[in-house]
Amino acid sequence: CVQPSPVVCIKASRINGTCAACNPDTPGQMCGDSECGQCISISRQMLDRDFLTVFNSGSLDNAFNYPVKYTDSTEVVVSYGSVELGDAYPLNVYNGTFIALSNQISQSTPFPSKDNTIQVTIATSIPLLNGTEVTVSGLRFCTETSNTDCYMNTLDSPALAVEDITEATTFAAVFGTTGKWNRELGTLILTLQVDSHAGRQYPFKFVLQNPSSCDQDPQTIRVQAGCCPECMFHQDLAPDLSATTDVCSGEAGYGNPLQIIKPEFLTKSIWQSTPYPCRSNRIYVQMSSNVDLLQSTSITIKGVTGTTTESSTLMAVKACGADVTGNWTQGTGQLVFALPSLLAACTACNVSWVVTNPCCCMNSPSAGFSIGADVTCNSLQPSANELTVMELLDYLDPSVVNKTVAEVAPLAVRCPEWEQYSIGQSSKVPCGDNVVHVTLALNTPIFAADGMTVTLSGLKHSRTIEKNLTLLGHAAIRGGAGQFHPTESNG
């Protein structure tokens with residue numbers, strides 16, 4: 001461990017006379033301390049010390065071209081440790097440290113319950129010896145032993161897999177391929193297999209599964225090493241905030257280790273295809289979230305009330321490009337279906353199904369519409385996610401005429417009104433045949449299956465008896481005839 005240069009002394013024998021006089025039987029030999037000399041100590045200050053030599057901090061093959069500490073040259077002088085006068089003092093030992101690097105730790109995903117690849121890079125100012133333990137700690141959220149949300153989902157393991165980040169590194173040769181993982185303590189212990197090199201950066205990675213909790217702040221991760229308990233040194237690892245993650249196929253800003261984001265819908269909108277009464281109406285919903293939604297996740301859409309479509313457990317639904325069946329409840333206007341495949345984060349999914357509009361006009365339900373996903377986080381429940389009604393007229397089917405913004409909202413059903421109504425005749429000659437011309441136009445389409453009847457009143461004082469009159473000029477009139485009742489009060 002670290003220590004200053006100790007006091008150095010020299011013991012020597014000072015001769016007071018000839019050695020032969022001390023031991024006549026062995027002339028020419030040195031005399032012992034007790035025979036002819038006395039021991040003296042020469043203080044450290046009397047030694048010829050090296051004031052000038054300053055040890056180089058070391059050189060290293062820069063295989064990775066790291067920009068923080070190394071230059072672009074292949075052989076570089078590593079800037080670590082302390083160099084100063086007195087380096088050559090005997091047994092002057094400096095303490096080991098972790099070299100300050102930027103972007104030392106990152107994670108691959110902030111999603112709950114997902115496998116999370118943690119990447120770490122460390123470097124020390126002194127060689128770590130074979131058998132030294134390096135501990136990565138702080139891989140937990142709290143210390144409550146009864147609260148499993150405090151811990152990562154990965155269970156204790158004496159041999160958690162640890163890998164080189166790139167094939168060019170020598171991490172595995174020095175630290176091995178496994179570490180001891182303690183879930184409750186949040187620690188990963190690596191044991192050196194051979195001595196490490198001072199100043200060399202060792203990048204490595206390991207995988208832990210994130211907890212199911214829905215919102216966790218990033219944690220401070222610390223690394224610690226030392227050859228004995230008194231010699232331990234540590235460092236808080238600097239997070240790589242620019243690291244790409246699973247969020248939206250690589251969006252940066254979520255690499256801070258152990259940050260778990262709250263799942264949210266990024267897109268949640270709804271519209272309809274037609275406001276016409278009695279017509280088949282396709283309801284559209286578009287959704288996307290900031291987290292992956294797994295295959296078979298149950299999606300619930302609520303609030304589409306007022307339709308004449310009866311409840312069904314086999315409602316045909318188009319979801320994310322696939323045909324599925326859903327559970328439709330007429331009274332509550334609720335549709336429930338399962339995602340046919342994984343919906344990746346930030347990927348839009350269009351959902352649609354067909355209902356029948358009522359034959360009377362109505363406003364879009366005032367309670368609004370909502371969407372939810374069956375995940376453990378309340379942030380994706382229907383109660384927290386009101387659907388946004390689109391307002392662009394192009395969302396309505398091209399067959400709809402005289403569109404209004406209000407009619408884009410689901411179950412906004414147009415009130416049928418006459419847009420044109422006029423009447424004329426062909427002759428005013430008494431007792432002659434007279435062709436009555438009637439022009440009618442509605443703001444909604446009418447189909448034969450609707451069984452709609454049109455009544456013209458006020459055609460009195462004619463000489464025509466009650467009978468079926470031939471109607472000319474429009475094929476939409478069933479049978480091409482109409483019943484004429486001249487004796488009724490209004491004709």
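Student: Where does serine 108 lie?
Tutor: Serine 108 is in the loop between strand S5 (105-107) and strand S6 (115-122). Keep in mind that this is a predicted model.

Student: And what does the side chain of serine 108 reach?
Tutor: The backbone nitrogen of threonine 117, at 2.8 Å.

Student: Which residues is serine 108 in contact with, leaving aside its neighbours within four places in sequence?
Tutor: Asp115, Asn116 and Thr117, plus Thr245 and Asp246.

Student: OK, switching to strands. Which residues of S9 are on the covered face, and which on the uncovered one?
Tutor: Strand S9 runs over residues 178-182. Gly179 and Trp181 make up its covered face, while Thr178, Lys180 and Asn182 are on the uncovered one.

Student: What does S9 pair with?
Tutor: One partner is strand S8 (residues 157-164), antiparallel, over three bridges. There, serine 157 has tryptophan 181 of S9 as its bridge partner. S9 also pairs in the antiparallel sense with strand S10 (residues 187-191), again over three bridges. In that pairing, asparagine 182 is bridged to threonine 187 in S10.

Student: How many residues are between the strands in the hairpin of S9 and S10?
Tutor: Four, and glycine 186 in that hairpin takes a positive phi near 70°.

Student: Now the inside. Which residues touch the most other members in the largest nonpolar core?
Tutor: Met287, Val317, Phe337, Val351 and Trp353, out of 34 residues in that core. Eight strands each supply at least two residues of this core: S14, S15, strand S16 (298-302), strand S17 (312-319), strand S18 (322-329), strand S19 (334-338), S20 and S21. S20 gives the largest share, with four residues.

Student: What does phenylalanine 337 touch?
Tutor: Not counting residues up to four places away in sequence, phenylalanine 337 touches a set that includes Ile299, Ile301, Val317, Val324 and Val351. Thr297, Ser298 and Gly326 are also among them.

Student: Cysteines, then. How many disulfides does the count come to?
Tutor: Five, with sulfur atoms within 2.5 Å taken as a disulfide.

Student: What joins to cysteine 142?
Tutor: Cysteine 150, with an S to S distance of 1.5 Å. The torsion about that S-S bond is about -95°, so the disulfide of cysteine 142 and cysteine 150 is left-handed.

Student: Is cysteine 150 buried or exposed?
Tutor: Cysteine 150 is buried, at 0% relative accessibility. Cysteine 142 is partly exposed, at 24%.

Student: Which parts does the pair of cysteine 278 and cysteine 359 tie together?
Tutor: The two are joined by a disulfide, S to S 1.8 Å. Cysteine 278 lies in the loop between strand S14 (265-272) and strand S15 (280-289), and cysteine 359 in the loop between strand S20 (349-356) and strand S21 (370-373), so the pair links parts that are 81 residues apart in sequence. Cysteine 359 is exposed, with a relative accessible area of 51%.

Student: What about cysteine 361?
Tutor: Cysteine 361 is joined to cysteine 415, S to S 2.1 Å. Here the torsion about the S-S bond is about 80°, so this disulfide is right-handed. Cysteine 361 lies in the loop between S20 and S21, whereas cysteine 415 is in the loop between strand S22 (388-389) and strand S23 (418-425), so parts 54 residues apart in sequence are tied together. Both count as partly exposed: cysteine 361 at 36%, and cysteine 415 at 33%.

Definitions and conventions
Residues are numbered from 1 along each chain as its sequence is written. Side-chain values use heavy atoms; hydrogens and water are left out. Buried means under 20% relative accessible area, exposed over 50%, partly exposed in between (1.4 Å probe, protein chains only). A polar contact is a pair of N or O atoms within 3.5 Å; within protein, one must be able to donate a hydrogen and the other to accept it, and residues adjacent in sequence count only if both atoms are side-chain atoms. Contact means heavy atoms within 4.5 Å. Two strands pair if DSSP finds at least two bridges between them. A nonpolar core is a set of buried Ala, Val, Leu, Ile, Met, Phe, Trp, Tyr and Cys residues joined through side-chain atoms within 4.5 Å.
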